[in-house]
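Visitor: I would like to learn how to read a ligand site and a pocket. Please show me the model first.

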Amino acid sequence: MIRDILRFKKNHYDLLVIGGGINGAAIAHLAAKRYKTVALLEQGDFGSGTSSKSTKLIHGGIRYLENFELDLVYESLRERFLQLQVAPHLVKPLGFVIPVYKGSGRPLWMMRFGVFLYDLLAGPYKVQPHKSLTAEEVLELEPGIKKAGLQGGVIYYDAQMDDARLCLENVMMAGEYGAHVANYAKVVSFLKENGRVVGVRAHDLLGIHEFEVRAKKVVCAAGPWTNELLRLDAPRAQEKVRTTKGIHIVYKGQISNHALLLGSQSDGRIFFVIPWMGNSLIGTTDTDYTGSPDNVKVEKEDMDYLIHESKRVFPGLEFDREKIVTTFAGLRPLIRKKGSPHKVSRKHLFYQTPSGLISVVGGKYTTYRKVAEDCIHKIWGPLEGQSFKVYGSGMIQETAGTVAGRYGLEKDVVQSLMDLYGSRYGDVLKLIEKDPSLKEKISDHPSVIKAQLVYSVQTEMARTVEDVTERRLSLVFRGPVSESCLTAIYTTIASSK
Ligand SMILES: Cc1cc2nc3c(=O)[nH]c(=O)nc-3n(C[C@H](O)[C@H](O)[C@H](O)COP(=O)(O)OP(=O)(O)OC[C@H]3O[C@@H](n4cnc5c(N)ncnc54)[C@H](O)[C@@H]3O)c2cc1C
């Protein structure tokens with residue numbers, strides 16, 4: 001992808017999308033696929049907002065059954081099936097064990113009925129059928145969890161994803177279909193004619209200058225920043241988004257064999273312990289947040305909550321804070337409604353201001369394709385049975401061993417390229433054909449070669465060290481990134497300027 005700010009000035013687009021999170025990326029992708037001229041502006045890096053801070057599940061959302069949101073679960077389960085098909089390198093099946101203890105707010109019969117209903121709603125689109133478990137079977141699967149009071153449990157199946165890369169692959173698809181996209185380009189005001197929004201003025205945060213982009217339609221997919229954008233449109237605009245904060249801890253080592261769905265004792269909420277890149281992802285919280293989305297961060301009390309609740313389930317684990325690999329906080333951009341945060345629906349809707357600005361409100365990551373489809377539908381009418389693909393979709397025809405032999409690479413290097421880039425792994429190998437020195441490994445766990453850094457910068461538009469360590473290569477979830485690796489990333493970015 002090319003980041004060329006001059007192109008934005010020269011064009012009058014059919015559609016301008018504000019925000020390069022998953023919703024904005026997918027809207028730009030589907031609009032460009034429909035032969036519309038599209039511009040996408042993102043103030044930070046693609047996916048750097050909520051779309052890289054999720055629990056990383058493509059799921060029906062078993063807990064929404066408690067709120068009787070059968071239609072949302074039904075829709076999400078179909079999206080889950082589709083994402084497993086189109087992005088098998090980024091979305092993978094995952095088993096979830098639910099241990100049930102005596103006196104828990106959710107008794108065993110309820111859990112059994114819940115997973116039965118979940119699979120029933122999935123119908124032919126289920127990942128794998130659920131199973132009821134005795135207490136002994138639960139302990140066989142998860143020997144580390146508390147034994148006292150364990151009555152039994154269930155195992156059911158959902159999917160886990162790499163949220164930042166799935167978002168990026170939608171941006172890349174938009175680019176492939178001809179959209180003009182830029183990260184580090186912040187919308188600072190709206191251009192109006194006769195009271196109608198006809199474009200935006202944006203700040204190129206890398207070039208330190210402002211530029212204008214004109215479009216027939218403008219969509220705001222700014223997630224937690226939506227209220228700010230609505231105030232740029234009309235200073236006294238009513239807030240449409242309710243932001244609730246969720247944090248995660250990545251704890252060293254895999255403390256469970258499966259993902260675990262657990263009920264917290266302090267407030268009855270559900271939280272997860274999930275194997276993630278060799279470590280354990282623990283989360284999340286759900287508390288109202290009223291500050292600027294720019295300042296959201298993990299507070300001590302958020303961490304204490306998760307550590308306290310996890311300790312209860314893993315009595316043998318010390319939970320040494322030194323073993324926290326990383327933490328992250330994100331904001332859910334929910335439909336503005338009263339009630340406790342976890343009861344607010346995760347459905348999406350569109351809000352159109354009198355000036356014609358269309359905003360996406362609500363939704364969950366899992367339903368992003370549907371959000372995009374509904375948005376395009378709203379603007380230009382129905383999409384007729386279009387297929388959906390992301391950048392790395394498609395069959396991998398060769399084995400890692402065969403490719404490794406041809407390029408003189410280790411097999412695990414090629415395998416990790418296939419795992420990360422799907423069918424596009426060959427794009428990284430092409431860089432090696434031109435410059436064999438790019439075969440050099442800069443990290444063993446995970447395996448990363450220099451060519452990937454060049455690819456991150458030249459093709460995937462990474463502009464900062466964090467873009468690479470957090471969202472292109474997910475190094476931060478594995479453990480401390482070595483000095484030599486950071487230097488190699490920094491040098492690659494600097495030399496491409
Ligand atoms: C803790 C947590 C866990 C979650 N877990 C899951 C899960 O496991 N599964 C699931 O399905 N969903 C999950 N969700 C929900 C899901 O992550 C969100 O619904 C989704 O990521 C929202 O995407 P978005 O594109 O609307 O927002 P964002 O990803 O926040 O994108 C909005 C973008 O707009 C940009 N922007 C803002 N203002 C401007 C401006 N002025 N100019 C240019 N760009 C601008 C921002 O920088 C941002 O990148 C979770 C959410 C949270 C908070």
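This is a predicted model: local features need pLDDT of at least 70, side-chain atom pairs count only at pLDDT 80 or more; totals for chains, interfaces and linings use all residues.

Visitor: Which residues are closest to the ligand, and how many surround it?

Guide: The ligand is surrounded by 36 residues, and Glu42, Thr50, Ser51, Leu57 and Thr366 are the closest. By class, the shell holds 13 nonpolar, 17 polar and 6 charged residues.

Visitor: Which polar side-chain atom lies 2.5 Å from an oxygen atom of the ligand?

Guide: That atom belongs to Ser51. For His59, a polar side-chain atom is 3.5 Å from a ligand nitrogen atom. Ile22 contributes through its backbone, with an N or O atom 3.2 Å from a ligand oxygen atom. The protein buries 96% of the 1,000 Å² that the ligand exposes when taken alone.

Visitor: How is empty space found?

Guide: A probe the size of a water molecule is rolled over the atoms, which shows where space is left empty. Here the second largest pocket has a volume of about 500 Å³.

Visitor: What lines the second largest pocket?

Guide: Its lining has 21 residues, with Asp162, Met277, Asp419, Leu420 and Arg478 nearest the centre. Helix H11 (411-421) is among the elements that supply at least two residues, and H11 gives the largest share, 4 residues. The classes are 11 nonpolar, 6 polar and 4 charged. Domain 2 (57-160 + 242-336) and domain 3 (400-495) each give at least three residues to this lining.

Technical notes. Residues are numbered from 1 along each chain as its sequence is written. Side-chain values use heavy atoms; hydrogens and water are left out. On a 1 Å grid over the protein atoms alone, a cavity is a set of points where a 1.4 Å probe fits but cannot get out, and a pocket is an open set with protein on both sides within 12 Å along at least five of seven lines; lining residues have an atom within 4 Å of a point. Grid points are joined across faces, edges and corners, and a volume is the space filled by probe spheres set on the points. Ala, Val, Leu, Ile, Met, Phe, Trp, Tyr, Cys and Pro count as nonpolar, Asp, Glu, Lys and Arg as charged, and the others, Gly among them, as polar. Domain bounds come from an automatic or database domain assignment. A residue is near a molecule or strand if one of its heavy atoms lies within 4 Å of it. A polar contact is a pair of N or O atoms within 3.5 Å; within protein, one must be able to donate a hydrogen and the other to accept it, and residues adjacent in sequence count only if both atoms are side-chain atoms. Accessible areas come from the Shrake-Rupley method with a 1.4 Å probe; for residues, only the protein chains shown count as cover.
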